[in-house]
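Q: Could you take me through the reading of ring contacts, beginning with the terms that such a reading relies on?

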Amino acid sequence: ARRSTRASNDRVESLAPNLAHVLAVIALAVFAAIHFRAGARRVAPSSGDASDSKSSSAGVAFPTETMASLGSHPAGRKLTVDDLILGCSPLAGIYASSTPERATETVRAALDAGITRFDTAPHYGLGLSERRLGDALRECGADMSKTRVYTKVGRVMKPKDEVTASEKESVVEWGNVPGDPGCIFPDAPVDVLPVLDYTGPGFRRSHADSLARLRLDSVDGLRIHDAEDEARYAQANAGGGVAELVKLRDEGAIREVSLGMNDATFVRRMLEDNPPGTFDSVMMAGAWNLLDQDGADVLAECERRGVAVHNAGIFASGLLVGGSHYKYAPAPPDIVERTERWRALAAKHDVPLPAVAIAFACAPRVVKGCAVGVKSPEEVAQSAAWLADANAVPTRLWVDAKELGLLAPDVPTPSPA
């Protein structure tokens with residue numbers, strides 16, 4: 001049977017507040033719409049059963065077993081563009097065709113704003129995001145001694161004539177191939193097929209192929225992408241994938257061994273099933289934002305192990321910036337009502353809700369960057385503006401949020417210095 005494509009972890013959330021329709025569409029983008037079509041499920045928080053959680057007045061459960069152990073940055077810390085990571089899946093064009101010129105304009109705006117970290121993957125447009133990012137960095141004259149590029153492994157883009165009949169039946173992600181109703185990248189090339197491969201040799205080939213598409217000598221980090229079912233997970237571990245990334249780091253080919261995943265349970269398993277020091281960073285999507293703190297256990301485990309967290313999905317599938325979807329489906333009434341309560345609280349304190357979302361997403365000490373997916377220079381500018389506004393979020397807002405039951409009492413927020 002054909003395998004459907006799965007989620008990416010570069011959670012794409014359109015940023016322009018006057019583009020509500022686009023926000024709703026983009027909110028389902030790479031790892032949202034694809035994940036939903038694949039029937040992927042979100043698992044319950046790994047911090048314990050209902051008896052280990054606290055509920056807000058809106059009836060949303062918060063994991064609390066490890067919440068108190070999470071440290072937070074002081075409220076006086078100034079957020080800068082160094083805290084942002086540019087999510088590059090939109091460079092490949094999502095739902096609607098885009099152009100290389102638009103991608104270059106977006107990257108140029110990011111560089112001009114001072115953004116130096118870029119996250120991409122072979123999965124995004126069957127390598128198109130990588131090609132456009134690499135071309136843009138060269139055309140813009142990016143200083144590669146200061147620019148950090150992350151890409152991902154787990155899918156090898158193979159020429160069609162190289163893919164065997166057996167692979168076509170078992171490990172090709174047909175849902176990400178142009179012509180399939182599930183494909184959301186209309187500009188993706190038609191001469192390659194995405195083949196799932198979480199083995200050591202597969203990771204090494206994926207790394208080499210990514211360098212060729214980016215036309216770079218090296219990337220800073222490789223993230224294991226979407227190893228969120230038992231077969232993929234086993235192959236990445238027992239099949240030598242993780243060990244191969246460690247070897248690449250030991251060889252000096254990469255600086256960071258990383259994860260790029262949505263499911264907090266699989267992220268924590270990956271951390272616990274490998275020795276300390278294996279992973280340098282984790283990109284986790286949709287598990288730590290104003291509406292969802294499912295990733296509390298993962299953040300705490302990363303803090304214990306000295307693993308940096310790159311937080312993605314900080315706008316809750318776009319709902320916090322005007323979208324209408326949440327966790328891969330239309331937002332249920334209680335979540336819509338909860339979002340409106342957050343919006344009212346932000347208005348009371350005269351700050352934009354997206355700025356509050358950024359301030360919260362960056363609050364845990366272990367978070368070393370937040371990813372924003374943008375598709376235009378205008379959205380880069382909007383992201384920078386919201387980041388600046390995040391520095392003006394008053395500490396009283398967090399007190400009010402906890403008193404109103406929007407956050408549990410022990411959820412870490414920017415703390416008084």
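A: Buried means under 20% relative accessible area, exposed over 50%, and partly exposed in between, with a 1.4 Å probe and protein chains only. This is a predicted model, in which local features need pLDDT of at least 70 and side-chain atom pairs count only at pLDDT 80 or more, while totals for chains, interfaces and linings use all residues. Residues are numbered from 1 along each chain as its sequence is written, and side-chain values use heavy atoms, leaving out hydrogens and water.

Q: How many aromatic pairs does a search of the whole structure find?

A: Rings of Phe, Tyr and Trp (its six-membered ring) pair if their centres lie within 6.5 Å, and planes under 30 degrees apart count as stacked, over 60 as edge-to-face and the rest as tilted. The search of the whole structure finds five such pairs. In one of them, the ring centres of Trp288 and Phe360 are 5.4 Å apart with planes at 10 degrees, so this pair is stacked. Both Trp288 and Phe360 are buried.

Q: Which ring pair involves Phe360 and Trp398, stacked or tilted?

A: The centres of Phe360 and Trp398 lie 6.2 Å apart and the planes meet at 40 degrees, so the pair is tilted. Trp398 counts as buried at 3% relative accessibility, and ring pairs link Trp288, Phe360 and Trp398 into a cluster.

Q: Where does the charged end of Arg223 sit?

A: A charge sits over a ring if NZ of Lys or CZ of Arg is within 6 Å of the ring centre and within 35 degrees of the ring normal. The charged end of Arg223 sits over the ring of Tyr150, 4.3 Å from its centre.
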